[in-house]
Amino acid sequence: MSLPNLPSQARVVVVGGGIIGCSIAYHLAHMGVDVVLLERDRITSGTTWHAAGLMVTFGSTSETSTEMRKYTRDLYSRLEAETGVSTGFKACGFIEVAGDKDRLEEYRRVSAFNRYCGVDVHEISPAQVKDLFPLARVDDLLAGFYVKEDGTTNPVDSTMALAAGARMKGARIIENCPVTGFLQKRGAVTGVRTAYGDVQAEYVVNCTGMWARQLGAKAGVNIPLQSTEHYYLITEKIAELKGSFPVLEDPGSYGYFREEVGGLMVGLFEPICAPWKVEGVPEDFSFGELPPDWERMGPYLEKAMNRVPISMEVGVRKFFCGPESFTPDLQPVVGESPELKNYFVAAGLNSIGILTGGGLGRVMAHWIINGRPDVDVTGFNIDRLQTYQANPEYRRTRTVESLGMVYQCHYPYRSMQTARGAKRSALHERLANERAYFKDVSGWEGPDWYAPQGLEPKVEGLSWGRQAWWKHWEAEHKATREGVILMDMSFMSKYLVQGRDAGRVLNYISANNVDGDAGFITYTQWLNELGKLEADLTVTKLDDERFWVVASDTALRHVESWVKRNTPEDAHCFITDVTSGYAQINIQGPRSRELMQKVTTADLSNENFPFRAAREIDIGFARALCVRITYLGELGYELYVPTEQATHVYDRLTEAGQSVGLRHAGLKALASLRMEKGYRDYGHDIDNTDSVLEAGLGFAVDLKKPGGFIGRDAVLAKKEQGPLTRRIVQVLVKDPDALMFHAEIVRRNGKAVGYIRAASYGFTLGGAVGLAMIEAGEPMNQAYVDAGTWEVEIANKLYPATISIKPLYDPENKRIKM
């Protein structure tokens, strides 16, 4: 075999020649970028070659994922005309079936959102399912959801077509050339090392699928994914089965079904999977199969095949088992690594690499070359993941659940159940004694709600409706509005930013003025050069050289890397993650001052300790940073207490709280209270595609402060364009029985103009309340709101709604300043 003819340099080196790597190379080449793709063996030799080849646009409530699917389907349908290489795409149609009322509810919600995104999905009857797929048993089905334009593609052929298209535009694809390491300088990747020499590069993209974690480790990059056994069976030929039959998917039976060379392919996503090679995938594993576990998979296979009974009457041609990689939260791992600048990752596609591959390649190419993504990536970004999630025991434990989630009913309040207890607040045992029901919050055990005395904090089954714990949540909500509550928020990301230039650096990163008087907290956004959101957080100035930064749990690594990458090399400014060093105890509600004054000698009167004040105070034997701020819409205080003194402070608060009716409150109350007030949550109702003005956060922008800030020119340009035609609004459903969670469609005068990005139940307002980005297409002002008849579509039903630009609860902010 001749040695590879390696170039000495390229602008971008893509590592891995599966569907994702070839798609990224294809899109970069079409953008005129000098790109080299290096494949350790042959193209498709990892997991792409044995993929099932479904090309489905239905099923996601992520706008980004849905758009990637649509783009991918369109790309596969036109690649042959461009390259002369067929992808094998066949628009035979797709049907998702619902066999119980909860799945019917889910798919009706999903289908409304997908239609909003341009997917032509129709709800059909079981009889119509039978007409389209005559071999299916439909007697126990409630409905099907049919997309005529979806179908199947050939994974190998699709990859080869992308590779051909990349070569036609100048990309170099080199096979049999494994990457063995990476070149680095001053915190940035500068190239790759191979057995045949080095290739210098401005950017490197790790697209190595189930090897991505191991290869990333060679660069110090955390990629916590794990390979598992993944199965499908192919029967002998079935005379009655036609190639024109649509793909049939029945998650309730763990299976999907499609024609494959005259036989039936029965693909499986079992609820409990088997991880493979936790210690590491062999580097020479290529076009590989695993011995199938008939004993373990037998019951799942029997249940799946029962949906198409004739499949049990013919022989088995092949029972295939091959590895596929999955991530801790069943979301892809994509983006620029927080550890190493210009080192990008696109891996962990959780079995949807083929059906999103084209779209993800486009997204990644634009992200690499433009320096930022042009779609919402808050749920996919690699920097959401933490280093402990790459531990062998964590991967072995969590992956068992994550693959099983693929075909579970996606209930709105479900929390991951495996790999729990990784992070516990200093107050955990105290809160457990108060009967907290804990949920997974970025690895932390976060109290979701509390059971009253005499009841166990447990959830008996999941639902789309009100559950038994609903009344406990309501009581916590009302206690916050009327009395005083204690809320453990220790999972919040906390940082000390220090140095002679800390104020100057943070003020340039922040849109608001965070370098004013010491002893005050400032709410601000961090923007990119386009004036769009990168972070939503608070900065407290402790003194001229010390600043306290607090962000959400999911922003832990993003905030730290953003500061480091936007600090000039000659600046004396350092950021330290101190999350584990401090408990955060929030005391909130109209009686919070009364309680706080019982435990400290500090004067917390409105005159001496006004809204936004931040000072160190005494509580018993402890010192705590006390900040007068709220995320719930009431008078309140956030206490930051050294971890070793947290239980002492907690005990003092709860003892004094007996006389004022102190109640514990959890994250369900946090969600409903903040949503009534219209407070934003980055990654849920605002994201990186929103300008700070569209997000309704212009009040937190200081365009006149000396020195400006990142994104200032873009914000000014946006203002000069005139009235906004796109912005966030609050949406309140008038029917108190209707529930919103996410992705419900908002209609004005019958026309879809947006969707709910996040929602909860407003016990004070009397109905489900959420935040939606409205795409008005005309000035989005009060006149536009008043002139419309507004409705929300929830599971095929329309509900009248109230729309508000201002907060529906306490719009004048009187309660938080009392």
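**View 1. Lining of the second largest pocket.** In this predicted model, 28 residues line the second largest pocket. P338, E339, E560, S561 and K564 lie nearest the pocket's centre. The space inside comes to about 710 Å³. Helix α13, residues 556-565, gives the most to this lining. Its share is six residues. Sorted by class, the lining holds 12 charged, nine polar and seven nonpolar residues.

**View 2. Helix α1 against helix α5.** Two packed helices are described by the angle between their axes and by the distance between those axes. Here α1 covers residues 19-30, and α5 covers residues 155-168. Their axes lie 8 Å apart, at an angle of about 25 degrees. Angles under 35 degrees count as roughly parallel, so α1 and α5 are roughly parallel to each other. The crossing of this pair is left-handed. On the α1 side, the contact residues are I19, C22, S23, A25, Y26, A29 and H30. They meet P155, S158, T159, L162, A163, G165 and A166 of α5. By class, the contact of α1 with α5 has nine nonpolar and five polar residues, with no charged residues.

**View 3. Helix α1 against helix α8.** Helix α8 runs over residues 353-370. The axes of α1 and α8 come within 8 Å and cross at roughly 45 degrees. These two helices are therefore oblique to each other. Their crossing is right-handed. From α1, the residues in contact are I19, I20, S23, I24, H27 and L28. Their partners in α8 are G353, I354, G357, G358, L360, G361, R362, M364, A365 and I369. The contact of α1 with α8 divides into nine nonpolar, six polar and one charged residues.

**View 4. Helix α14 against helix α15.** This close-up shows α14, residues 592-599, packed on α15, residues 646-657. The angle between them is about 120 degrees, and the axes are 9 Å apart. Angles of 65 to 115 degrees count as roughly perpendicular, and those over 145 as roughly antiparallel. α14 passes α15 in a right-handed crossing. L595, M596, K598 and V599 make the contact from α14. R652, L653, A656 and G657 make it from α15. By class, the contact of α14 with α15 has five nonpolar, two charged and one polar residues.

Terms used:
Residues numbered from 1 in each chain as written. Predicted model: local features only at pLDDT ≥ 70, side-chain atom pairs only at ≥ 80, totals over all residues. Heavy atoms only, no water. 1 Å grid on protein atoms, 1.4 Å probe; cavity = no way out; pocket = protein on both sides within 12 Å on 5 of 7 lines; lining within 4 Å. Points joined across faces, edges and corners; volume = space filled by probe spheres on them. Helix = DSSP H or I, 4+ residues; strand = E, 2+ residues; numbered from the N terminus. Nonpolar A, V, L, I, M, F, W, Y, C, P; charged D, E, K, R; others polar. Axes fitted to C-alpha atoms, helices over the stretch in contact; angles between N-to-C directions. Left-handed = near helix turned anticlockwise from the far one by under 90°. Contact = heavy atoms within 4.5 Å.
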